[in-house]
Amino acid sequence: MCKLKSMSKRKPQKKKTPSFIEDNIRILEIGARGDGIAEYKDEKLFIPRTIQNETVKARIRPRKSGGYGGELLDIEEKSPHRVQPPCPYYEKCGGCSLQHISDEVYREWKEAKVRDILGRANAMPAEWRETIFIPPQTRRRATFAAFMHKGKVSVGYHQSRTHQIIDIENCLVLTPHLNDIARNLRPYLKDILPENRPVSISLQDVGGQVEMVLTGRFGRGGELDYPARQALADAAQDIGIARIGWRFKEFGEIEPVFQKGNLIKRSEGLVVTLPYNAFLQPSEEGEAALIKCLTSIMETEKPQKIIELFAGNGTFTGPLLKYGSVQAFESDKQAVQRLQAAGMDGLTAETRDLFEEPLSVSELQKSGCVVLDPPRAGAKEQCAELAQSKVPLIVYISCNPATFARDAKALIEGGYKFKSLQIIDQFVWSAHLEIVSIFKK
């Protein structure tokens, strides 16, 4: 007898999304994130590293978020504004997105991006102040991906839209000092990194003092074993790293591994001992430009009582204290404790989640000026309260034009005049930027 094969039920296989090549895609504009935008099947098609009015050949796939994404294969008709990227890793590295565009067009695009977003929100300033562009080789913090395969260490950034790590010897965005630290660290990583398991390495330079924070699983159980800790201590001593911390996962608690000195942040007369992984402006030059903008406003307006919201580690607190008393509010308890420990006359600091518990109208009325520097999510809840207040002057510093436009519109509808705006671009070759704005009741 022959045995019949069992007719087991098979789960229907999902159809794979086909990828295909499409010729003669015409790029219409550069989008808000720096990708070229075209139209394809009545939807938007996003192709990185392209410029308006170029015709390109691309590999096209549907995107989960809607529309289509494209991979640039060839340029059929090149824009006169296309330039040779200065970085040899640019074609693969996912760090920068706008090195292929001339400086002139790059700068025009950044300004036009803000104008377009504010125009659509019907929230335009009375005055546009001259944009400040921070040059390359100034960024003082970076998070690298690190990986070891068969004893070979790679340190760099992820390839655009993949998990592959591009090994980078020199990043044109970073300061020379930070590049040297990352380069000199590699030999020590052979005794630290797990085989075939990527981890992240964050470096931050504060006035020549460098902090390193490792994130990921290492030895057995994911912990750093004694040999790894010893190798880190050797690296710190030999390379010149002030302190090293480790955490199992992102946003987890950081365990000190090695420390030969604190990281000290000086902002005018304010001296703060920084906690691990403290948030600072990405460059000293960008920070100086922001402070200069802020202090010029204070010099003109001369407020006596200032409320500072999202105060962080006191970058703006010190300069503001020259003009009056400062009530600083921040959700990070460690940052607040260190502001309090600075013991500055005229400064009070309080822990407060301004998303869950924004300052009320009655609390705001006590000030002659409110300065706020929220994260990318903006300050929707707080601006709803500010819009109803009678605070005479608001200085809003933002790193996200979209959420800023939403909040600016709320302030305008509450009776504020949008007096001026200045762009500070300290995120060279990327779509990000900073805004300093003035609102008056």
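Predicted model: local features only at pLDDT ≥ 70, side-chain atom pairs only at ≥ 80, totals over all residues.
Which elements each supply at least two residues of the lining of the largest cavity? The elements in question are α4 (284–301), β23 (417–425) and β24 (434–440). Residues are numbered from 1 along each chain as its sequence is written, and side-chain values use heavy atoms, with hydrogens and water left out.

The protein chain contains 9 helices and 24 strands; these are DSSP runs numbered from the N terminus, helices being H or I of at least four residues and strands E of at least two. Its C-alpha trace spans about 95 × 60 × 55 Å along the principal axes. Of the 441 residues, 51% are buried, that is, under 20% relative accessible area, against over 50% for exposed and in between for partly exposed (1.4 Å probe, protein chains only). Among the contacts (heavy atoms within 4.5 Å) with a separation of 6 or more, 60% join residues 24 or more positions apart.

Empty space comes next. Rolling a probe the size of a water molecule over the atoms shows where such space is left. On a 1 Å grid over the protein atoms alone, a cavity is a set of points where a 1.4 Å probe fits but cannot get out; a pocket is an open set with protein on both sides within 12 Å along at least five of seven lines; and lining residues have an atom within 4 Å of a point. Grid points are joined across faces, edges and corners, and a volume is the space filled by probe spheres set on the points.

By this rule there is 1 cavity of 30 Å³ or more. The largest cavity has a volume of about 40 Å³, and its lining consists of Arg129, Cys293, Ile297, Ser420, Leu421, Gln422, Val436, Ser437 and Ile438.

The second largest pocket has a volume of about 780 Å³. It is lined by 20 residues, of which Pro48, Gly70, Glu71, Ser160 and Arg161 are the closest to its centre. Two or more lining residues come from each of β5 (55–62) and β6 (68–77), and β6 gives the largest share, 4 residues.

Threonine 315 lies in the loop between β18 (305–309) and α5 (317–321). Threonine 315 counts as buried because its relative accessibility is 8%. Leaving aside neighbours within four places in sequence, threonine 315 is in contact with Lys265, Ser267, Leu280, Gln281, Glu287 and Ile291.
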